[in-house]
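Me: I have a model open and want to talk it through. Can you go along with me, one topic at a time?

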Amino acid sequence: MDYDDDFDEDLPDIEDYPTLISVVRFNKLIPSIPWFEDVGEPLPQEALTTARDYMDMLGFPDAFVAEVENWEDAAFAASNPEFNSDWWEAEEQLRMGLTTMALELMSEEDLNLALTQVSATASDIVSKAVDAMAEEAGIEDQELIRAATGSALQSCHQAALVLAAGEEDAHPFALKYKLFEQGHWPIAITGSSFNIF
């Protein structure tokens with residue numbers, strides 16, 4: 001299943017909901033993203049700029065990019081108990097704010113339907129990509145595989161919320177998703193380090 005064609009039919013008359021049209025388009029693009037294809041590769045300038053913009057927009061101007069070079073380091077970064085709780089809280093505040101904004105534009109039922117469809121599409125695509133990547137790299141750490149998959153699915157959800165709320169490409173969640181679009185895995189801000197694989 002690359003894309004659920006019934007998605008469009010399940011939604012209300014989406015011409016009345018311009019931001020829902022954006023979510024439908026977003027859902028159709030998920031299969032074309034090069035999920036995790038460039039992990040471990042040096043970050044190009046475009047990705048470094050995107051990461052810097054994400055940190056600044058999220059309110060972490062003193063954070064810096066820490067390039068994660070291999071799966072062992074990625075596993076450590078993903079399981080590190082030193083996650084910056086301020087980072088998590090900042091993202092959670094943004095998520096709640098976007099949800100409130102989206103619900104001013106559409107019903108809760110329509111928003112939930114749209115986000116559920118995005119999750120269904122992304123779950124299938126991302127899981128296959130991560131499994132293929134893990135097999136190729138000889139990764140058997142199921143916790144790491146789940147962390148990579150979960151991180152990408154969360155980013156899809158967050159990016160869909162940005163669109164549903166009618167927000168801009170400069171929103172931190174849009175920027176984080178852009179790093180996935182560039183083939184990398186933005187793992188987390190730990191301390192003052194933004195770990196990107």
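Me: Start with Phe36. Buried or exposed?

Reply: Phe36 is buried, with a relative accessible area of 2%. Buried means under 20% relative accessible area, exposed over 50%, partly exposed in between, using a 1.4 Å probe and protein chains only.

Me: What should I know about the model and the numbering?

Reply: This is a predicted model: local features need pLDDT of at least 70, side-chain atom pairs count only at pLDDT 80 or more, and totals for chains, interfaces and linings use all residues. Residues are numbered from 1 along each chain as its sequence is written, and side-chain values use heavy atoms, with hydrogens and water left out.

Me: Back to Phe36. Where is it?

Reply: Phe36 sits in the loop between H2 and H3. Helices (H or I, at least four residues) and strands (E, at least two) are DSSP runs, numbered from the N terminus.

Me: What is its phi?

Reply: Phi of Phe36 is near 65 degrees, a positive value in a residue other than glycine. Most residues other than glycine have a negative phi.

Me: How many aromatic pairs are there in the whole structure?

Reply: The search finds 7. Rings of Phe, Tyr and Trp (its six-membered ring) pair if their centres lie within 6.5 Å; planes under 30 degrees apart count as stacked, over 60 as edge-to-face and the rest as tilted.

Me: Why is the pair of Phe36 and Phe180 edge-to-face?

Reply: Their planes are at 75 degrees, so the pair is edge-to-face, with ring centres 5.9 Å apart. The pair links distant parts of the chain, 144 residues apart, with Phe180 in helix H8 (residues 172-181). Phe180 is buried too.

Me: Which residues form the aromatic cluster?

Reply: Phe26, Trp35, Phe36, Tyr177, Phe180 and Trp185 form one cluster.

Me: And the largest nonpolar core, how many residues?

Reply: It has 60 residues. Ile30, Trp35, Phe36, Trp71 and Trp185 have the most contacts inside it. Such a core is a set of buried Ala, Val, Leu, Ile, Met, Phe, Trp, Tyr and Cys residues joined through side-chain atoms within 4.5 Å.

Me: What is Ile30 in contact with?

Reply: Leaving aside neighbours within four places in sequence, Ile30 is in contact with Trp35, Val118, Thr121, Ala122, Ile125, Cys156 and Tyr177. Contact means heavy atoms within 4.5 Å.

Me: Now Trp185. Where is it, and buried or exposed?

Reply: Trp185 is in the loop between H8 and strand E2 (186-190). Trp185 is buried, with a relative accessible area of 1%. A polar contact of 3.0 Å joins the side chains of Trp185 and Ser151. That term means a pair of N or O atoms within 3.5 Å; within protein, one must be able to donate a hydrogen and the other to accept it, and residues adjacent in sequence count only if both atoms are side-chain atoms.

Me: New topic, H7. How many residues?

Reply: Helix H7 (residues 142-164) has 23 and reaches 33 Å from its first C-alpha to its last. That is close to the 33 Å expected at 1.5 Å a residue, where the expected span is 1.5 Å times one less than the number of residues.

Me: What happens at the start of H7, and just after?

Reply: At the start, a side-chain oxygen of Asp141 reaches to within 3.0 Å of the backbone nitrogen of Glu143. Just after H7, Gly166 takes a positive phi of about 75 degrees.

Me: Last one. How many helices and strands in the chain?

Reply: There are 8 helices and 3 strands. Buried residues make up 46% of the 197 residues.
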